[in-house]
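Please look over the sequence and the structure shown below before reading on.

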Amino acid sequence: MQRIVYVTEEDSTMIDFPVLSFNLSETKKLILEEIQKGNSAVTQIASTAGISKGMTYNHLRELKNMGYIADGDSGYVITDAGKIASI
């Protein structure tokens with residue numbers, strides 16, 4: 001994506017919006033997608049991502065520090081910021 005614009009309804013003026021960067025690796029994005037599907041079991045996430053449980057815990061810690069996931073009642077949950085970042 002190179003440019004995001006909004007065209008006003010009043011006078012069709014184009015307004016440039018900034019392109020946001022969430023600095024997510026493919027692995028972190030995959031983990032967010034798994035959590036969004038309701039899968040918060042570390043063993044299952046590690047298996048799906050093809051990485052060790054230790055690396056999975058590292059990614060989960062980083063995603064939590066970034067504000068993209070949080071602790072829920074029954075495991076990790078994706079935050080609104082995480083939903084946006086995973087698009």
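The protein chain holds 4 helices and 4 strands, where helices (H or I, at least four residues) and strands (E, at least two) are DSSP runs numbered from the N terminus. Read along the sequence, these elements follow the pattern β-β-α-α-α-β-β-α. The radius of gyration, taken over C-alpha atoms, is 17 Å, well over the 12 Å that the globule rule gives for 87 residues, so the protein chain is more spread out than a compact globule; that rule is 2.2 Å times the number of residues to the power 0.38.

This is a predicted model, in which local features need pLDDT of at least 70 and side-chain atom pairs count only at pLDDT 80 or more, while totals for chains, interfaces and linings use all residues. Residues are numbered from 1 along each chain as its sequence is written, and side-chain values use heavy atoms, with hydrogens and water left out.

**Overall build**

- Taken along the principal axes, the box filled by the C-alpha atoms of the protein chain is roughly 55 × 25 × 20 Å.
- Of the 87 residues of the protein chain, 24% count as buried, a term that means under 20% relative accessible area, whereas exposed means over 50% and partly exposed lies in between (1.4 Å probe, protein chains only).
- Where contact means heavy atoms within 4.5 Å, 40% of the contacts between residues at least 6 apart in sequence join residues at least 24 apart.

**Helix 2 and its surroundings**

- Helix 2 covers residues 42-49, and within this helix Val42, Ile45 and Ala46 are buried.
- Seen down the axis of helix 2, the buried residues fall within an arc of 100 degrees, so they line one face of the helix; the arc is that of the directions from the helix axis to the C-beta atoms.
- On the other side of helix 2, Thr43 and Ser47 are exposed.
- Just after helix 2 comes glycine 50, which takes a positive phi of about 75 degrees.

**Histidine 59**

- Leaving aside neighbours within four places in sequence, histidine 59 is in contact with Ser25, Thr27, Lys28, Ile31 and Ile51.
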